[in-house]
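Visitor: I am new to this structure. Please take me through one part of it closely, and then show me how that part sits in the rest.

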Amino acid sequence: MAGEKLLAFSVLVMVFLPGCILDFGNSGAVSVKIISVGEKDMVWHFGERVTLNVTVKSSTLLDNVTITIAGLKNKLNQMKLYKSTVIELAKGTDIISFSYSVPTCSPCNRLDPGVYYVNATISRNGEVLAEGSGTVRLVK
């Protein structure tokens with residue numbers, strides 16, 4: 001009987017001890033959230049140079065993070081805005097700025113005045129950590 005109790009106790013220790021030592025809980029989970037992509041009610045003019053700010057909140061410092069913006073899909077399903085950069089996210093709130101020249105309004109761009117989506121994606125080592133979007137109104 002004592003041997004069975006010792007065996008049962010040994011099995012329990014082997015099952016629960018690694019979790020105590022290695023901390024398999026979610027306390028170390030990384031949280032990244034895109035707060036905004038651009039400003040509310042953005043208006044861009046064809047041919048102008050603009051700055052698009054992406055506001056991100058991270059629970060920890062992360063290096064080697066890729067942030068990509070894409071949008072202004074034309075009539076041929078081509079993204080006329082596509083930029084990507086590798087950054088280091090600080091713990092807390094970061095603002096990542098992208099400079100961009102809006103295409104001119106011409107038949108070859110197939111981009112008409114109107115409202116368009118601009119999407120942002122944050123990834124690290126091939127894993128998508130966060131996604132967000134905003135809208136912009138293109139005017140002549």
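Visitor: With which side chain does the side chain of asparagine 74 make a polar contact?

Guide: The partner is glutamine 78. Its side chain and the side chain of asparagine 74 make a polar contact at 2.9 Å. Keep in mind that this is a predicted model.

Asparagine 74 sits in the loop between strand 4 and strand 5. Is it buried or exposed? Its relative accessible area is 5%. Buried means under 20%, so asparagine 74 counts as buried.

Asparagine 74 has another polar neighbour. A polar atom of its side chain lies 2.9 Å from the backbone oxygen of asparagine 109. Now leave aside residues up to four places away in sequence. Asparagine 74 then touches Lys80, Asn109, Arg110 and Leu111.

Take Arg110 from that list. Arginine 110 lies in the loop between strand 6 and strand 7. Its phi is positive, about 50 degrees, although arginine 110 is not a glycine. Its relative accessibility is 43%. That value is between the cut-offs of 20% and 50%, so arginine 110 counts as partly exposed.

Go back to the loop between strand 4 and strand 5. Asparagine 77 is found there. Asparagine 77 has a positive phi too, about 60 degrees, and it is not a glycine. How accessible is asparagine 77? The value is 60%. Exposed means over 50%, so asparagine 77 counts as exposed. Asparagine 74, in the loop between strand 4 and strand 5, is buried.

Next, look at leucine 72. Strand 4 covers residues 62-73.

Leucine 72 leads us inside. The largest nonpolar core has 30 residues. Trp44, Val54, Val56, Leu72, Leu89 and Ile122 touch the most other members. Which strands supply this core? Strands 1, 2, 3, 4, 5, 6, 7 and 8 each supply at least two residues. Strand 4 gives the most, with five. In soluble globular proteins, nonpolar side chains tend to be buried together.

Follow Trp44 next. Trp44 is on the covered face of strand 2, along with Met42. The uncovered face has Val43 and His45. Strand 2 is joined to strand 8 by four bridges, and the two run parallel. In this pairing, tryptophan 44 stands opposite leucine 138 of strand 8.

An open sheet of three strands has the order 1-3-6, with antiparallel pairing. Its edge strands are strand 1 and strand 6, and each pairs on one side only. From one strand to the next, the twist averages 25 degrees. Strand 3 and strand 6 are joined by ten bridges and run antiparallel. There, leucine 52 stands opposite phenylalanine 98 of strand 6.

Phenylalanine 98 brings us to strand 5. Threonine 85 is found in strand 5. Leaving aside neighbours within four places in sequence, threonine 85 is in contact with Val65, Thr66, Ile67 and Phe98. Its relative accessibility is 29%, so threonine 85 counts as partly exposed. Isoleucine 69 is 16 residues away from threonine 85 in sequence. Their C-alpha atoms are 9.2 Å apart.

Step back for the whole. The protein has one helix and eight strands. From the N terminus, the order is α-β-β-β-β-β-β-β-β. Of its 140 residues, 31% are buried. Asparagine 74 is buried, at 5%. Among contacts with a separation of 6 or more, 63% join residues 24 or more positions apart. The accessible surface comes to about 9100 Å², and 54% of it belongs to carbon and sulfur atoms.

Terms used. Residues numbered from 1 in each chain as written. Predicted model: local features only at pLDDT ≥ 70, side-chain atom pairs only at ≥ 80, totals over all residues. Heavy atoms only, no water. Core = buried A, V, L, I, M, F, W, Y, C linked by side-chain atoms within 4.5 Å. Buried < 20%, exposed > 50% of the residue type's maximum accessible area, 1.4 Å probe, protein only. Polar contact = N/O pair within 3.5 Å; in protein donor to acceptor, adjacent residues only side chain to side chain. Contact = heavy atoms within 4.5 Å. Pairing = 2+ DSSP bridges. Areas by Shrake-Rupley, 256 points an atom, 1.4 Å probe, with all protein chains shown as cover. Axes fitted to C-alpha atoms, helices over the stretch in contact; angles between N-to-C directions.
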